[in-house]
Amino acid sequence: MIRITPSKINLGLNVVGRRADGYHDLETVFYPVNICDSLEITDMDHRFPLPSDIDIHVYNTPRLCADEDNIIVKAYRLLSQHFTLPRIHAHLFKEIPSQAGMGGGSSDGTAMLLLLNERCRLGLSNDQLIDYARQLGADCPFFVLQRAAYAEGIGERLTPINLNLSDYYLLVVKPEVSVSTREAFALITPQRPPICCREVVTGMPISQWRHHLTNDFETSVFAQYPQLNEIKSQLYAGGAIYAAMTGSGSSLFGIFSTHAEAESAYSCSPLLSSCAHWVVKML
C-alpha cells in the first residue's frame, strides 16, 4: 500500500506571542504543494529476523537520524499503543527537501497514520487522526486534510479557508543552506502584524500580498544568510507575483502566472540556477 505525501508552504508566518511552555504562538496559512514523498508499507513475513515490529528504508536522501527517531516509526509506535498492528516494512522515497521549511517529515509521519488507518481498518475519523497527528508534531494535523488552512497556536489549531491558487505555478528554490529552527526562534521578538495573514490571502488580490504578507523569520535568517535574501530578490526580478521564505527556511518560493515564466526566472539567474529547484502547478 502506497501513499503520496505532499509538502506545504507558509503564506505568511507571524510569531505573535511567547508561551509559558517555552513554545511560541503563531499565525500562518498552510497551503499544500505538489512536491511529494512516497511512503509504502508492506507486511513483514513472520520469519523475517528482526527483533522489532517495524523497519524503515529511506531512499534519495542521506540518513538524518536513527530509525527509532524517524517520525514514521514514531507514528507506528503511537498507534501501536492503542491498536494491535501487524509487523511491517516501511519504504520512504524522498523528494521533499529536508530541513527546508516544507513540512516533509510532518507529512511523512502523518502519511503513516493514514496508511495504518486504511490498511488495518482502524476506523479512525479525521478528527481522531488529527488528534493523533498533534502528538507527532505541530505541523502534522494539516496533512490529514491537506487543504488550505489558517493555523494558530503552535501550528496545530487549524481553520480551513477558501483559497484556490490552481491557476498559478510555484517555483521552489533550495540552496545548500540549513537553518536551525531553534536559533531562528531565539532571534524573534513576538508581535502581531498590522493585518492577519488570513485576511491578506482571503481578502486581497495576490498582486498585493508582497506589501502585506510577511514571514517574521526572514529578518533574522536573512541577516545570517544574506544569499537567501538575494534569492528572494531574484525571484521578484524574475517576475514572481509573490515570493517568500517558507517556514524558518531554507527554501524560498515564488508564485508565477505561467510555467514558462517560473522556469525562465530560474534559468536566467545564476544564483537561482545554482540551487536545487522544483516547478509545479499549484493545487
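Are F30 and F142 buried or exposed? Both F30 and F142 are buried, where buried denotes a relative accessible area under 20%, exposed over 50% and partly exposed the range in between, with a 1.4 Å probe and protein chains only. The structure is a predicted model, in which local features need pLDDT of at least 70 and side-chain atom pairs count only at pLDDT 80 or more, whereas totals for chains, interfaces and linings use all residues. Residues are numbered from 1 along each chain as its sequence is written, and side-chain values use heavy atoms, with hydrogens and water left out.

The chain comprises 10 helices and 10 strands, assigned as DSSP runs (helices H or I of at least four residues, strands E of at least two) and numbered from the N terminus. Its radius of gyration is 19 Å, close to the 19 Å that the globule rule gives for 283 residues, so the chain is as compact as a globular protein of that length; the radius is taken over C-alpha atoms, and the rule is 2.2 Å times the number of residues to the power 0.38. Along the principal axes, the C-alpha atoms fill a box of roughly 60 × 40 × 35 Å. Of the 283 residues, 52% count as buried. Among contacts (heavy atoms within 4.5 Å) with a separation of 6 or more, 72% are between residues 24 or more positions apart.

The structure holds 5 aromatic pairs, a pair being rings of Phe, Tyr and Trp (its six-membered ring) with centres within 6.5 Å, and with planes under 30 degrees apart counted as stacked, over 60 as edge-to-face and the rest as tilted. One of these is the tilted pair of F30 and F142, at 5.2 Å centre to centre and 45° between the planes. This pair links distant parts of the chain, since F30 lies in strand β2 (residues 24-43) and F142 in helix α4 (residues 142-145), 112 residues apart. Together with F143, F30 and F142 form one aromatic cluster.

A further pair, F185 and F217, is edge-to-face, with 4.8 Å between centres and 85° between the planes. F185 lies in helix α5 (residues 181-186) and F217 in helix α8 (residues 217-224), so this pair ties together parts that are 32 residues apart in sequence. F185 is partly exposed, at a relative accessible area of 22%, whereas F217 counts as buried at 2%.

Charged side chains also lie over rings (NZ of Lys or CZ of Arg within 6 Å of the ring centre and within 35 degrees of the ring normal). The charged end of R210 sits over the ring of Y236, 3.7 Å from its centre, and K281 lies over the face of Y169, at 5.6 Å from the ring centre.
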